[in-house]
Amino acid sequence: MTETPQIDPAPAPLAAATPDTAGDPVISARQVVRRYRRPRRSLTRPGPVVEALRGVDLDVAYGQRLGIVGESGSGKSTLIRLLAGLDRPTSGSIRFAGREITRLPDRSLRFLRRDLQMVFQDPMSSLDPRMTVGDIIREPLVALGHPDSRARVAELLDAVGLPAAAAHRYPHQFSGGQRQRISIARALSPRPKVLVADEPVSALDVSVRAQILNLLMDLVDEFSLTLVFVSHDLSVVRHVCDTVVVMRDGEIVERGATAAVYERPTHPYTEALLAAAPTLRKALAAHAAARNRKEPQER
C-alpha cells in the first residue's frame, strides 16, 4: 500500500529579527476598507455596493509564517491582493518595508514586485502555455533587468525538485503538482523577501498536497522568507504557520499563535470552523458508522 506523505510540523517563530529587519513589520495594514460596486440590474438604480473588507488591521513580521483562514467570501483573497499591490483599497493604509504603497502608481511599485511574490491557486491558469518553463521562471528576472538568468533557472529547478531538462518543456507536459513546483520556482526567481501563497494546494490531488506543502516549508527556511499563507483548510494552516488570523465577512475576528487559537479559540466563529473541519478521527468514525449500517442489510 502506498504510504501517504506526512506534513512536517511548523517550526517555532524566529526568536529575533536580523539587524537589517529589526523594528517595523515588513507588512502593515491599518483600517483597510475595500468596496466594490456590482453591475447595475436596473436603468434607474446603480448596482449594489459590496464591502469586501471592513477596517482590517494587520502586521506581518519579518520571518513570520502567517496563516489567513476563513470561508469563501470572507475577504482573504481581497486582502492579499491589496497587500501585493494588485488592487487598491477604498480607504486605509498599507505599508511594505516602511513604504506606503496604496497611493503609488504601478510604475513606482518595482520594489514591491521584486520583494513580494505570489503563488496562485491554479498553476495551469497562472502559467503561460505558450512559454517554456525556463522562460516562465526567467520572466520576473527579465522584467527586473537581469538579462543573463540561465544559471538562476537551473538553480531554482533543482531547488523545487525538477530536472534541468524541464526548462525546455511546456506547462501542459507536467502534472498539477509539477506545475505548482514551477509556479514556486518562478515566484522565487527575483529573490523576494515575502512569499504569498493563495490556496496553493487546494487545486491539487490529495496525494501530492503534502509534498508541495513540505517543499514550501523547506524553501521558506532555506531562503529565509516571510510567508503569508491563505487557505480554508484549517489542518494545513496548523501545520504550516506559526501565527493565524481568522476572517469573516471582511473582518479579522480572531488572531494569535496558531496553537493557542486552535486549542483555545475565543470567538464563536473560530469554534464553528474548528468543529466543522474534517479530521482523521471524524473520517474514521463516519466510515465505521457507514459500515455498521451496511452490515445488517447484507445479512
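I looked up the handedness first: helix 4 passes helix 6 in a right-handed crossing (the near helix is turned clockwise from the far one by less than a right angle). I worked on a predicted model, in which local features need pLDDT of at least 70, side-chain atom pairs count only at pLDDT 80 or more, and totals for chains, interfaces and linings use all residues. Residues are numbered from 1 along each chain as its sequence is written, and side-chain values use heavy atoms, without hydrogens and water.

I noted that the contact (heavy atoms within 4.5 Å) involves Val-133, Ile-136, Ile-137 and Pro-140 of helix 4, together with Ile-182, Ala-185 and Arg-186 of helix 6. By class, I recorded 6 nonpolar, no polar and 1 charged residues in this contact.

I then looked up the geometry. The axes of helix 4 (residues 133-143) and helix 6 (residues 176-188) cross at roughly 30° and come within 7 Å. Helix 4 and helix 6 are therefore roughly parallel (angles under 35 degrees).

Next I searched for cavities (sets of points on a 1 Å grid where a 1.4 Å probe fits but cannot get out). The structure holds 1 cavity of 30 Å³ or more, and the volume of the largest cavity is about 30 Å³. Its lining residues (an atom within 4 Å of a point) include Val-69, Leu-234 and Thr-270.

Terms used
Axes are lines fitted to C-alpha atoms, for helices over the stretch in contact, and angles run from 0 to 180 degrees between N-to-C directions. Helices (H or I, at least four residues) and strands (E, at least two) are DSSP runs, numbered from the N terminus. Angles under 35 degrees count as roughly parallel, over 145 as roughly antiparallel, 65 to 115 as roughly perpendicular and the rest as oblique. Ala, Val, Leu, Ile, Met, Phe, Trp, Tyr, Cys and Pro count as nonpolar, Asp, Glu, Lys and Arg as charged, and the others, Gly among them, as polar. On a 1 Å grid over the protein atoms alone, a cavity is a set of points where a 1.4 Å probe fits but cannot get out, and a pocket is an open set with protein on both sides within 12 Å along at least five of seven lines; lining residues have an atom within 4 Å of a point. Grid points are joined across faces, edges and corners, and a volume is the space filled by probe spheres set on the points.
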